[in-house]
Amino acid sequence: MKEIRVDEINNDIVIFAKDRARRPMDKVINENEESIIAEYNKDCPFCKGNEHYTPKSKFKIEDENGWIVRSIDNKFPIVDNSQKSIYGSHEVMIDTYRHNGNFYNMDEDEFYNMLLMYKDRYSNLIKDEKVQYVSIFKNYLRQAGASLNHPHSQIVSISIIPPDIEREINISKQYYIENKRYLYDNIINEEIKEKERVINNSESFLTLVPKSTKYTGEIRILFKKNIKFENICNKDIRELSIIFKNLFSNLFKVNGNLPFNIFIHSHPKNIEGNYFNVHIHIIPRKYSFGGFELGTGLYVSSIEPKDIANKIKF
């Protein structure tokens, strides 16, 4: 059975071909990187005690034993203030002082402090009058683009609105014009009603495997409230930290130490209307695109989203 599915938030077209899951495949050795054991590494610039390797902290949270999380300028920024064509700044946000920490073993409080840092740095960078958008993202392990092992995320402010964000906003605005209701409210209500793709339904967030996505195995966390990221309250940050803890604990049970990318799609500056909701994309790097996808802009999936969701519900 073959069918066309369209991702509601960005109009990506996916060909669902379930029978392709039965294709013969050569056996390969699992090349997942092993978890790090040591809490401290003397050569790591992001470890507590090695602050002399890095620029001064732009933000940090501390306890009686020193800093827990901190954000610093990236020594090798994607953007800076040296060019007229593209302006911005780039920081590295150190998720935890633990060298052996990662999303699969961090506890609720570690996620909470990390998310507080996300909010602070986002709130700070979006205020710059030249900045139009702020991107928060994380690459875990080398296969997902990470250059250093110590757990860290990144935040980049830029003077343009990225095409993917502009596309999502235009789609949600057009949906409202045509239907007189909000796209994200509709997605949330329909997914809760159908239940089968929902991983977790909490007070302020819906965590699900989308019905259609070009990234097989993608998970999305949708904000139910139509708020900007800088306005998220501490209560919701705590709720989100619990979701992260349970979600990644379950993902580890299913996939092991699998590389992944995370990126937050937030509001550009000065956006009007309530068409767009903040959401978080979590992309396990278990699958890759082939020539057909790269050559056509069409994507192929052979795994039912509900089958993925059922394995990691909480």
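## Helix 4

In this predicted model, the buried residues of helix 4 are Asp236, Ile237, Glu239, Leu240, Ser241, Ile243, Phe244, Leu247, Phe248, Asn250 and Leu251.

Helix 4 comprises the 22 residues 234-255, and at 1.5 Å a residue it should span 32 Å, a value with which the 31 Å separating its end C-alpha atoms agrees. Just after helix 4 comes glycine 256, which takes a positive phi of about 75 degrees.

## Packing of helices 2 and 3

Helix 2, formed by residues 163-179, packs against helix 3, formed by residues 183-194, at an angle of about 85 degrees and with 8 Å between the axes. Since angles of 65 to 115 degrees count as roughly perpendicular, the two helices are therefore described as roughly perpendicular to each other.

On the side of helix 2 the contact is made by Glu168, Ile171, Ser172 and Tyr175, while helix 3 contributes Leu183, Tyr184 and Asn186. Sorted by class, this contact of helix 2 with helix 3 consists of four nonpolar, two polar and one charged residues.

## Aromatic pairs

The structure holds 20 aromatic pairs. One of them joins tyrosine 104 and phenylalanine 260 in an edge-to-face arrangement, with 5.8 Å from centre to centre and 80 degrees between the planes. Because tyrosine 104 lies in the loop between strand 5 (88-94) and helix 1 (108-126), whereas phenylalanine 260 belongs to strand 11 (residues 260-265), the pair ties together parts that are 156 residues apart in sequence. Tyrosine 104 is buried, its relative accessible area being 13%, and phenylalanine 260, at 2% relative accessibility, also counts as buried.

Another pair is formed by tyrosine 184 and phenylalanine 276, whose ring centres lie 5.8 Å apart and whose planes stand at 80 degrees, so that this pair is edge-to-face. Tyrosine 184 lies in helix 3 and phenylalanine 276 in the loop between strand 11 and strand 12 (279-284), and the pair therefore ties together parts that are 92 residues apart in sequence. Tyrosine 184 is buried with a relative accessible area of 1%, and phenylalanine 276 is buried with a relative accessible area of 1%.

## An aromatic cluster

Ring pairs link Phe103, Tyr104, Phe111, Tyr140, Phe244, Phe248, Phe252 and Phe260 into a cluster.

Definitions and conventions. Residues numbered from 1 in each chain as written. Predicted model: local features only at pLDDT ≥ 70, side-chain atom pairs only at ≥ 80, totals over all residues. Heavy atoms only, no water. Helix = DSSP H or I, 4+ residues; strand = E, 2+ residues; numbered from the N terminus. Expected span 1.5 Å × (residues − 1). Buried < 20%, exposed > 50% of the residue type's maximum accessible area, 1.4 Å probe, protein only. Axes fitted to C-alpha atoms, helices over the stretch in contact; angles between N-to-C directions. Parallel < 35°, antiparallel > 145°, perpendicular 65-115°, else oblique. Contact = heavy atoms within 4.5 Å. Nonpolar A, V, L, I, M, F, W, Y, C, P; charged D, E, K, R; others polar. Phe/Tyr/Trp six-rings, centres within 6.5 Å; stacked < 30°, edge-to-face > 60°.
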